[in-house]
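Please go through the points below with the model open.

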Amino acid sequence: MMKRILSIVIVVFTISLGIIDAQVSIDDVQVDSVTCNGLNDGQIHVTISGGVSPYVYVLQRVFPNPHTYSANTSSTNYTFTNLQPSNLYKLIVIDDNGDGMPVEYGPYISVKQPAVLRVNITASSPFCVNSPVQLNGNPTGGNGSYTHT
């Protein structure tokens, strides 16, 4: 009697699929202008998506007085604060996915400031010694509405 030997060979392949994360993208940039001429209280709010956390947010003021601000965070929202007025801010975001490809927004972001507050004062009649005179003020520039007495 002949015995048959049945051989079964099972080959198992393990395939590792790396998850490819989407490149980081800058979804929204909002600017809060300086509140009063000469102050440095402007803000730039940034919202991003995709990529791999943590993120590096870099803001470069090109002119005047070149300066670089940066933050390393896992948040997809970041706000740069205490900014001076400038038409030349450059925003760059880098994620941690290892491809080293920074994403730039722009060409440039502008943080504006209101015009200098000025008041033009005029008299309603000629000035005379010991006579009352009414002065009228006409404000220009600044920010918001005016109140004067």
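1. A search of the whole structure finds 1 salt bridge, meaning a side-chain nitrogen of Lys or Arg within 4 Å of a carboxyl oxygen of Asp or Glu. The partners are Glu104 and Lys90, at 3.4 Å from N to O. Glu104 lies in strand β7 and Lys90 in strand β6, so the pair ties together parts that are 14 residues apart in sequence. Strands are DSSP runs of E of at least two residues, numbered from the N terminus.

2. The model is predicted: local features need pLDDT of at least 70 and side-chain atom pairs pLDDT 80 or more, while totals for chains, interfaces and linings use all residues. Residues are numbered from 1 along each chain as its sequence is written, and side-chain values use heavy atoms, without hydrogens and water.

3. Asp95 sits in the loop between β6 (86-94) and β7 (103-111). Asp95 is buried and has no salt bridge; Lys90, the nearest side chain of opposite charge, is 18 Å away. Buried means under 20% relative accessible area, exposed over 50%, and partly exposed in between (1.4 Å probe, protein chains only).

4. What does the side chain of Asp95 make a polar contact with? The partner is the side chain of Asn97, at 3.4 Å. A polar contact is a pair of N or O atoms within 3.5 Å; within protein, one must be able to donate a hydrogen and the other to accept it, and residues adjacent in sequence count only if both atoms are side-chain atoms. A polar atom of the Asp95 side chain also lies 3.0 Å from the backbone nitrogen of Val52.

5. Leu117, in the loop between β7 and β8 (118-123), counts as exposed because its relative accessibility is 52%.

How values were computed
Helix = DSSP H or I, 4+ residues; strand = E, 2+ residues; numbered from the N terminus. Lys, Arg positive; Asp, Glu negative; His and termini not counted.
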